[in-house]
Structure formats: structure tokens, C-alpha cells
Amino acid sequence: MTLDLSLLPDGGVGWLDASGPHSDIVLSTRIRLARNVEGFAFTARARDGERLRVLAQVREAVAGISSLDDAVMYRLDELPPTSRALLHERHLVSKELAGLDAQHPVRSGAAVFLGDRVGVMVNEEDHLRLQALRSGFALQDAFASIDKLDRDLGSRIPFSYHSEFGFLTACPTNVGTGMRASVLIHLPGLVLTKEIGKVLASLQQMGLTYRGLYGEGSEVVGNFFQISNQTTLGRSEEELLDQLLRVVGHVVEREAEARRVLLRDAGYIIEDKLWRAYGTLRYARSLTFDEAMNYLSGVRLAVGLKLISSLSVYTLNKLLIFSQAAHLAFAEGRSLTESETSLARARYVRKALEKEAGSVG
Amino acid sequence: MVCDSCKERDAVVHLTTIENNAVNQLHLCERCAADRGVETTVAAPKHPLGEFLQEVHKQIASTSTDSARCSFCNATFSDFKATGRWGCARCYTNFEAAIRELLRRVHGNHRHVGRAYHPPMSETLERAAVLGELKERLRRAIESEQFEVAADLRDRIRVLE
């Protein structure tokens, strides 16, 4: 089975198009719901046959659901590692489902249904992980779509539910609503003004948590943070979303303020720093992932500050995804060594920026 | 920086207090901070699951529920301790009392107040499950070009639908 991402309704990257609210600061909004199918052991403990039966049941249910009408299904357990990595780099499947961790090899029955900015992972840590992705800061929109999908699926498949504990999940940190709502946000202003520590500390006091670009266990790189609710039990979906909405709204304001302060107090230093970042991306011959992320962060800030006007946020968002190792290997049509990857990355970034370079400067 | 109180040791605690709208900053060494009742040793793990597992560990030590098994998936409490994951939904009822206490520690609460859920009726479900399985087998039969098997499966699906 080969992977044809062009089959996806929007190539699977519609959430990158920077059309959403505050998309200069907030890249994307993602909400996921963890659900398990009654009558089977949780994925990690289930036998191969049980996982396949879960998948069969989900398949049958999905066939009648309008929001997944055009959905494409991929069986992760039938894809080579490179294709699985590609889906993971696009944020369409988790690292665990893709079986990219040495600790978690790909499981039989691991699959994903991908529709227009919604998806269903099957046989992840929980039998079902529903997710909705949106461009920019769009929690309500994302929730509306995932809530509908949840109700549609839940009326066709019996979910494990306990009257006191709510939706039951493999990990106790997800039980209750099973909901993790997260916002991928770019905070270079707060990092440069050294305000970030305070902001992150206050997040934790408010019951929120932060992670890197790829969720749990991933490093913060390029000043990209994923802010999400920490707890899932004892508060309703609406309360959890409301809290995140208010706090992230506040963080967005503080980031905007920090950017204004930077320009006002350190105008030329900042301008020089950001143009250097652009220059490096434009002309470097080899770029590691972390380097690329950090320079892209600078250029993204420059675009946000309107220092660079002809470059679109969409282009930068795409660079973020497409300059990763599996995408580069896919584009080159072969596997690459680490140094070849760095060369390919620099070449890819150079080309993309050249295309839009027209009136830059 | 030297401690504001003893003026001897290095200040490691920076205490900001607000009294009558005036902000005071005190820089204290560990010992002087402790004298003023300021906690300096932070032992709490960052991730609540870590805390959770520590608790589980303690409970197991004290009540030896270690060998208790879930009647559905056969998982034990020590399986949970090792992986941080329950084996199945039934574990929640089988270890209910312990789980209630532990959820309170992780989430500060043990009661779900979000959306209530009622599973669909079982008849429709059974039919859906059988149909799903048949369709999966049909897909495989077609893939492996077992057309006779596929035709048979297709008939059975038609009857159910």
C-alpha cells in the first residue's frame, strides 16, 4: 500500500492556510476526544483480533457519517515507516499511532480516517481518538465539528462510559471529558522580552499546560508552544474551552504587546536580527531541523511585524511542515542520511523563499 | 548576592511580599528562608501523572492490592503501576475506590460533569458489528483475489443490510 496524500480533501494541510483568527500568532487549534469501544480491552492490552474488530466496527459506523463522507482511510499497519512518518509530520496522526517510537511499534489494526479538517485515529492508546484541526485561534469552531462527530459516532458505536467518571480512557489523565483542546502558538516576542517564564508559570496556575510542536514529550523549538488544558475531569467541555479561550486570548494580547515593545525599544537590533534570519534561510546550503525552526521563527516574526511584506504566513506554515525529514525524503524519492537531509532542507527552503522573493527587502 | 537576613550565606530564595500596597523584595539563604516558614524544597513532580503513580505506589505498599486482578482483562494493579495505563474500561469498576482517590489527586475532582452519554441499543450494535466485520473480510477477500469467498460475503452483507 502506498501513500497518496493528494487523495485527502485538502492534502491534509487545510489547517495551515492561515485563514483563521489571529493566525499571525496562533498557527492552529486542535481538539481531540479520547473514546473507547465497550466490550474490548484497551488497545495496548487487546489482542490483534480485538483491535481488528474495533476497526471493523468503526469502519461500518464511519460509512454513515456525513462529515466523514470524503474521508480517506489509511491502515498504518500496512504502510512503510516513511509514509507513517509523513502522516505524523503533517500532524494527522500521533507518534504512537504511527509506531515511530521504539517503545511503541506500529500495532495491528492501527488506522486513521481523514476528512476535511477532522480525523479519527483507531487503535491509538485509546480505541478512538477523534480530532478536529482549524487554522488560527478557533476553539469554538473546532469544538462544534468534533462534538457533532462524537455524537454521530457515539450513536453507532457504544463508548465506554461511567456515570461518575465519565468517558473511560486508558490513561487516567484523560478520563472524564476525554478532551484535550490545544492551541499551537508562536511566542517569539515573549521569549525575546524574557516574559515567557512568567507567562508559562501562570498557565500552570490556571490549570493549563504547554508542550512543544509535536505534543507530549516534544521539545519547544522555534518559539512554538502548544497550550492545552491539563485536566479533563470535574469540569464540563464548555468550562474547559472557556478557560483556554480566555487565557490564550490573554497570551495573544501579551505577545502582541511584547512585539510592539520590541519594535519601539530595540527597533534596529530586532530588524537586523530578523533580516539575518531571513538571509540565512535564503542562502544557507545546509540547515538542521532546529536551525530551520529558529530562523523560520524569526522570519515569521518579521512578517508579523510587517518588516517583510511579500511573504505569506501560509508559505511559512508550509515550510514548517514540509522541511521535515520524512517530507524531504518523500520529495527526493529516497531515504536520506542526516547530512543529506540538512542539504535537502536548505535547498527546499531556498527554493520556496526564492519563489516569493519578488519584492522582499 | 548575600542573604538579607544573616548577611553571611548566599541568597537563593527571592521573596516578594506585598504589604499595604508596598512591594518588598527579600533575598534569603535557604536557612533563613526556612526560619520564616518559606518552603524551599520543591519535591512535587512536574507532571501530575508522576504524582499519581507515586500515590499508587504508596497505596500498593500499604494495602497490598498489588495482586488484585481485573475480572475482564486480567490486568493487575502492578501492571498499572508499570505502564500508567488501565487495561480496560472494567478496571475502573474493579478498582473503583482506589481510582476515585487517585483521580481526585490528578484532576482535583473525581466526578464527571461534562456531557452525559447513553450508548446506543444493543440490537443495532450487533448488526453493525457483524456488518463491519463482514465488510472488512470482503475487502481482504477482494484484495487477495478470492472471488468466490467475496461473492459469498457480499450475499451475507446484502441480507443484513
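How are α9(A) and α11(A) oriented to each other, roughly parallel or roughly antiparallel? In this predicted model, where local features need pLDDT of at least 70, side-chain atom pairs count only at pLDDT 80 or more, and totals for chains, interfaces and linings use all residues, helix α9 (residues 313–322) of chain A and helix α11 (residues 338–356) of chain A pack at an angle of about 170°. Residues are numbered from 1 along each chain as its sequence is written, and chains are lettered from A and ligands numbered from 1 in the order in which they are written. The helices α9(A) and α11(A) are therefore roughly antiparallel to each other; angles under 35 degrees count as roughly parallel, over 145 as roughly antiparallel, 65 to 115 as roughly perpendicular and the rest as oblique. Their axes are 11 Å apart. Axes are lines fitted to C-alpha atoms, for helices over the stretch in contact, and angles run from 0 to 180 degrees between N-to-C directions. Helices (H or I, at least four residues) and strands (E, at least two) are DSSP runs, numbered from the N terminus.

The crossing of α9(A) and α11(A) is right-handed; a crossing is left-handed if the near helix is turned anticlockwise from the far one by less than a right angle, and right-handed if clockwise. From α9(A), the residues A:Thr315, A:Leu319 and A:Phe322 meet A:Tyr348, A:Val349, A:Ala352 and A:Glu356 of α11(A). Two residues are in contact if their C-beta atoms, placed from the backbone, lie within 7 Å. By class, the residues of this contact are five nonpolar, one polar and one charged. Here Ala, Val, Leu, Ile, Met, Phe, Trp, Tyr, Cys and Pro count as nonpolar, Asp, Glu, Lys and Arg as charged, and the others, Gly among them, as polar.

Chain A also holds an open sheet of eight strands, in the order β2-β3-β4-β5-β1-β8-β10-β9, with antiparallel pairing. Two strands pair if DSSP finds at least two bridges between them. At the edges stand β2 (72–75) and β9 (208–211) of chain A, each of which pairs on one side only. Neighbouring strands of the sheet are turned by 20° against each other on average, direction ignored. Helix α1(A) packs on the sheet and touches β3 (111–114), β4 (118–122) and β5 (128–135) of chain A. The direction of α1(A) makes about 155° with that of β4(A).

Strand β4(A) is mostly covered, with five of its five residues buried. A residue is buried if 20 or more other C-beta atoms lie within 10 Å of its own, exposed if 12 or fewer, and partly exposed in between, with C-beta atoms placed from the backbone. A:Val118, A:Val120 and A:Val122 point one way from β4(A), whereas A:Gly119 and A:Met121 point the other way. On one side, β4(A) pairs with β3(A) in the antiparallel sense over four bridges, and A:Val122 is the bridge partner of A:Ala111. The hairpin of β3(A) and β4(A) has three residues between the strands, and in it A:Arg117 takes a positive phi near 60°. Strand β4(A) also pairs with β5(A), again in the antiparallel sense, over five bridges. A:Met121 stands opposite A:Arg129 in β5(A). In the hairpin of β4(A) and β5(A), with five residues between the strands, A:Asn123 has a positive phi near 65°. Elsewhere in the sheet, five bridges join β8 (residues 179–186) of chain A to β10 (residues 224–229) of chain A, and these strands run antiparallel. In β10(A), A:Ile227 is the bridge partner of A:Val183.

Between the chains, 40 residues of chain A are in contact with 35 residues of chain B. On the side of chain A that touches chain B, α1 (48–62), β6 (161–162) and β7 (166–167) each supply at least two residues. The largest share, seven residues, comes from α1(A). This side of chain A has 17 nonpolar, 14 polar and nine charged residues.

Chain B has seven helices and two strands, which run β-β-α-α-α-α-α-α-α from the N terminus on. Of its 161 residues, 20% count as buried. B:Lys7, in the segment before β1 (13–19) of chain B, has a positive phi of about 55° although it is not a glycine. B:Lys7 is exposed, with 10 other C-beta atoms within 10 Å. B:Asn74, likewise not a glycine, has a positive phi of about 75° and lies in the loop between α2 (48–63) and α3 (77–83) of chain B. With 12 C-beta neighbours inside 10 Å, B:Asn74 counts as exposed.
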